[in-house]
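Please look over the sequence and the fold shown here before reading on.

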Amino acid sequence: MSTIDIGAATIDDIVTKHDIAIIDWWADWCGPCKAFAPIYEAASEKHKDIVFAKIDTDVERDLSAAAGIQSIPTLMIFREGSLVYRESGSLMPDNFERLIEAVRNLDMDEVRREQAEAKEIMRKQKEAEQNK
């Protein structure tokens with residue numbers, strides 16, 4: 001599968017309806033984005049079971065702001081609807097391949113447990129701050 005352009009209207013479906021979705025936040029004027037584009041495209045051709053999406057930050061300004069995008073390129077990887085990777089900067093092909101394989105090999109039950117624990121810690125901290 002080649003890369004697809006998505007935006008605010010389609011991001012939720014892409015993230016929630018696919019086992020693995022990788023999103024590249026980019027802009028046309030960004031040199032590192034342009035350098036990473038062929039690496040991203042090649043990976044999309046190799047891993048046809050993964051959705052490789054692109055979001056143009058100049059077109060999707062509100063979505064980019066809501067996602068907290070401050071530097072591009074930024075990669076977000078979702079597995080079973082959960083954000084499992086977020087990092088700014090481009091990757092070399094070998095490193096990108098290792099990252100994709102690491103995401104494939106995640107124990108999602110463990111990921112969900114860790115996310116639930118983190119949410120509970122944050123809830124308790126917020127509650128403690130409110131009770132001060």
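A residue is called buried when its relative accessible area is under 20%, exposed when over 50%, and partly exposed in between, using a 1.4 Å probe and protein chains only. The model is predicted, so local features need pLDDT of at least 70 and side-chain atom pairs count only at pLDDT 80 or more, while totals for chains, interfaces and linings use all residues. Residues are numbered from 1 along each chain as its sequence is written, and side-chain values use heavy atoms, with hydrogens and water left out.

Start with the chain as a whole. Helices (H or I, at least four residues) and strands (E, at least two) are DSSP runs, numbered from the N terminus. On that basis the protein chain has five helices and five strands, and from the N terminus their order is β-α-β-α-β-α-β-β-α-α. The C-alpha trace spans about 50 × 30 × 25 Å along its principal axes. Among the 132 residues of the protein chain, 39% count as buried.

Contact here means heavy atoms within 4.5 Å. Of the contacts in the protein chain with a separation of 6 or more, 71% are between residues 24 or more positions apart. Accessible areas come from the Shrake-Rupley method with a 1.4 Å probe, and for residues only the protein chains shown count as cover. The protein chain exposes about 8,000 Å², with 52% of it supplied by carbon and sulfur atoms.

For charges, Lys and Arg count as positive and Asp and Glu as negative, whereas His and the chain ends are not counted. Each charge is placed at NZ of Lys, CZ of Arg, CG of Asp or CD of Glu. The protein chain has 17 positive and 26 negative charges, and their mean positions are 3 Å apart.

Next comes the sheet. Two strands pair if DSSP finds at least two bridges between them. Five strands form an open sheet with mixed pairing, in the order S1-S3-S2-S4-S5. Strand S1 (4-5) and strand S5 (82-88) are its edge strands, each pairing on one side only. Strand S3 (residues 51-56) runs parallel to strand S2 (residues 20-26), and six bridges join them. S1 and S3 also run parallel, joined by two bridges; Ile-4 stands opposite Ala-53 in S3.

How many residues of S3 are buried? Six of its six residues are, and the strand is mostly covered. In a regular strand the side chains alternate between the two faces of the sheet. In S3, Val-51, Ala-53 and Ile-55 point one way, Phe-52, Lys-54 and Asp-56 point the other way, and all are buried.

Leaving out residues up to four places away in sequence, Asp-24 touches Phe-36, Tyr-40, Ala-53, Lys-54, Ile-55, Pro-73, Thr-74 and Leu-75.

Ser-64 is found in helix H3 (residues 61-66). Is Ser-64 buried or exposed? Ser-64 is buried, because its relative accessible area is 5%.

A loop residue gives a contrasting case. Ala-8 lies in the loop between S1 and helix H1 (11-16). With a relative accessible area of 49%, Ala-8 is partly exposed. Ala-8 is in contact with Glu-60 and Leu-63, leaving aside its neighbours within four places in sequence. Ala-8 and Arg-61 are 53 residues apart along the chain, and their C-alpha atoms are separated by 9.8 Å.

The last feature is a covalent link. A disulfide is a pair of cysteine sulfur atoms within 2.5 Å, and a search of the whole structure finds one. Which residues form it? Cys-30 and Cys-33 do, with their sulfur atoms 2.5 Å apart. The link of Cys-30 and Cys-33 is right-handed, with 75° about the S-S bond. Cys-30 is buried, with a relative accessible area of 4%, and Cys-33 is buried, with a relative accessible area of 4%.
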